[in-house]
Amino acid sequence: MRARVAAWREAGESIAVVPTMGALHAGHLALVEAAMRDCDRTIVTIFVNPTQFGENEDLDAYPRTEDGDLAKLAELGADLAFIPALSEMYPHGFSTQVTVSGLTEGLCGHGRPAHFSGVATVVSKLFIQAQADRAYFGEKDYQQCLVVRRMARDLDIPTEVVAVPTVREADGLALSSRNAYLDAVQRAAAPALYRVLGEVAKRVAGGAAVAEVVDWGVAELEAAGFDKVDYIDVCDAATLEPLAEARAEAVTDRPARAFAAALLGTTRLIDNVAVG
Ligand code: AMP
């Protein structure tokens, strides 16, 4: 990859990187298409990163569909797929962690304490390896976008992080590799996550107290068939500071977003929408 990138740079070409864990779907491909529109060369990385999974999470079950992924990338015309081995990313004796404070404490950082340090570590490695001008991430993982942007700025990595809007099924469910775990009953319940978040955002923008709206949303998700709601939160869109106690006037004078994570069986789904 370094040799290819050096040759592209020599020719004055701009370079994009799209980090993924594979099992590529239309959400991933939207990132690749955005990268290909903006830059001369697009690298897609595929690496199921063990350090961002918790002990009881789905690392072993995570879908791996490399041949299909490569066919999709070839069809789009991406320039390079980088699929490093575990031993290449984490050689024996690997001992360095990248930890971003503040942004990682709330939302998904709460229930998945080591997750964002795993993400920041692997993405900083991928950024340093790829030496790209721009990196494309999905807004579906909004907190992750902010964390990797902060990490790149703080470590002086000159890769600009670009956020791409969430790609959804016709019924609103955000595309995710984890949707493959859902059975038919769970799949039918899943779109409630986006529907309820949209309603939470609308009610908060309309002046309702955040705490009351959050209580309503949790009850609504449970009624729709979700087995557990990890969180619903309304946060400042730039700092992720929770606005749970604030009323709408405080929310609307700076951009805010509504976030949720909830389980159908053991499958954990996340989503987020803008307020106002
Ligand atoms: P993953 O393979 O789940 O690690 O995701 C790789 C990248 O694709 C991340 O930047 C995700 O935010 C992004 N992504 C995943 N699902 C979607 C989606 N439905 N719409 C847009 N981007 C997505």
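**Figure 1. Gln 97 and its loop.** Gln 97 sits in the loop that runs between helix H4 (86-89) and helix H5 (108-111); helices here are DSSP runs of H or I with at least four residues, strands are E runs of at least two, and both are numbered from the N terminus. This is a predicted model, so local features need pLDDT of at least 70 and side-chain atom pairs count only at pLDDT 80 or more, while totals for chains, interfaces and linings use all residues. Residues are numbered from 1 along each chain as its sequence is written, and side-chain values use heavy atoms, with hydrogens and water left out. Leaving aside residues up to four places away in sequence, Gln 97 touches Ser 117 and Thr 121 (contact means heavy atoms within 4.5 Å). Gln 97 and Arg 178 are 81 residues apart in sequence, and their C-alpha atoms are 26 Å apart in space.

Figure 2. The protein splits into domain 1 (2-164) and domain 2 (177-275), with bounds from an automatic or database domain assignment. Their C-alpha centres lie 26 Å apart. Domain 1 puts 19 residues into the contact and domain 2 puts in 15. About 1,500 Å² is buried between domain 1 and domain 2, with carbon and sulfur atoms giving 56% of that; buried area is the accessible area (1.4 Å probe) that two parts lose on being put together, summed over both.

Figure 3. Between domain 1 and domain 2 the count is 2 salt bridges, each a side-chain nitrogen of Lys or Arg within 4 Å of a carboxyl oxygen of Asp or Glu. Asp 58 and Arg 178 pair up through their side chains in a salt bridge at 2.8 Å, N to O. The interface of domain 1 and domain 2 also has 6 residue pairs in polar contact, both residues at pLDDT 80 or more (N or O atoms within 3.5 Å; within protein, one must be able to donate a hydrogen and the other to accept it, and residues adjacent in sequence count only if both atoms are side-chain atoms). On the side of domain 1 that touches domain 2, helix H7 (residues 142-154) gives the most, with 3 residues.

**Figure 4. Around the ligand.** Of the 17 residues around the ligand, those that come nearest are His 28, Gly 138, Asp 141, Val 167 and Leu 175; a residue is near if one of its heavy atoms lies within 4 Å. A polar side-chain atom of Asp 141 is 2.6 Å from a ligand oxygen atom. A polar backbone atom of Gly 138 is 2.9 Å from an oxygen atom of the ligand.
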